[in-house]
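Here are my notes on this one, point by point. Have the structure open while you read.

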Amino acid sequence: MKASKFTEAQKAFILKQGEQGTPVAEICRKAGISQATYFNWKKKYGGLLPDEMRG
């Protein structure tokens with residue numbers, strides 16, 4: 001699996017936009033990721049702070 005081009009902080013920012021009610025499709029379009037990627041990150045990192053995401 002290839003390493004992500006996004007840092008933990010960028011992923012946290014993207015996920016936070018979703019938590020604040022921004023439509024997932026819009027977030028993904030702006031970030032240049034697929035919705036599948038967004039939901040994978042959400043499942044993996046949901047509720048974690050950037051410094052807790054390294055696991």
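1. A quick definition before the core: by nonpolar core I mean a set of buried Ala, Val, Leu, Ile, Met, Phe, Trp, Tyr and Cys residues joined through side-chain atoms within 4.5 Å. Keep in mind that this is a predicted model.

2. On confidence, the chain has a mean pLDDT of 86, with 80% of its residues at 70 or more. Among the elements, α2 has the highest mean (96) and α1 the lowest (92).

3. Now the core. The largest one has nine residues: Phe6, Ile14, Leu15, Ile27, Cys28, Ile33, Tyr38, Trp41 and Tyr45. Two or more of these come from each of α1 (8-19), α2 (24-31) and α3 (35-45). The largest share, three residues, is from α3.

4. Have a look at Ile33, one of the core residues. Which residues does isoleucine 33 touch once its neighbours within four places in sequence are left aside? They are Phe6, Ile14, Cys28, Tyr38 and Trp41.

5. Next, how do α1 and α3 pack: at what angle, and how far apart are their axes? The angle is about 100° and the axes are 10 Å apart, which means α1 is roughly perpendicular to α3. On the α1 side the contact is made by Lys11, Ile14, Leu15 and Gly18, and on the α3 side by Tyr38, Trp41, Lys42 and Tyr45. Sorted by class, that contact has five nonpolar residues, two charged and one polar.

Methods. Residues are numbered from 1 along each chain as its sequence is written. Side-chain values use heavy atoms; hydrogens and water are left out. Buried means under 20% relative accessible area, exposed over 50%, partly exposed in between (1.4 Å probe, protein chains only). Helices (H or I, at least four residues) and strands (E, at least two) are DSSP runs, numbered from the N terminus. Contact means heavy atoms within 4.5 Å. Axes are lines fitted to C-alpha atoms, for helices over the stretch in contact, and angles run from 0 to 180 degrees between N-to-C directions. Angles under 35 degrees count as roughly parallel, over 145 as roughly antiparallel, 65 to 115 as roughly perpendicular and the rest as oblique. Ala, Val, Leu, Ile, Met, Phe, Trp, Tyr, Cys and Pro count as nonpolar, Asp, Glu, Lys and Arg as charged, and the others, Gly among them, as polar. pLDDT is the predictor's confidence in each residue, from 0 to 100.
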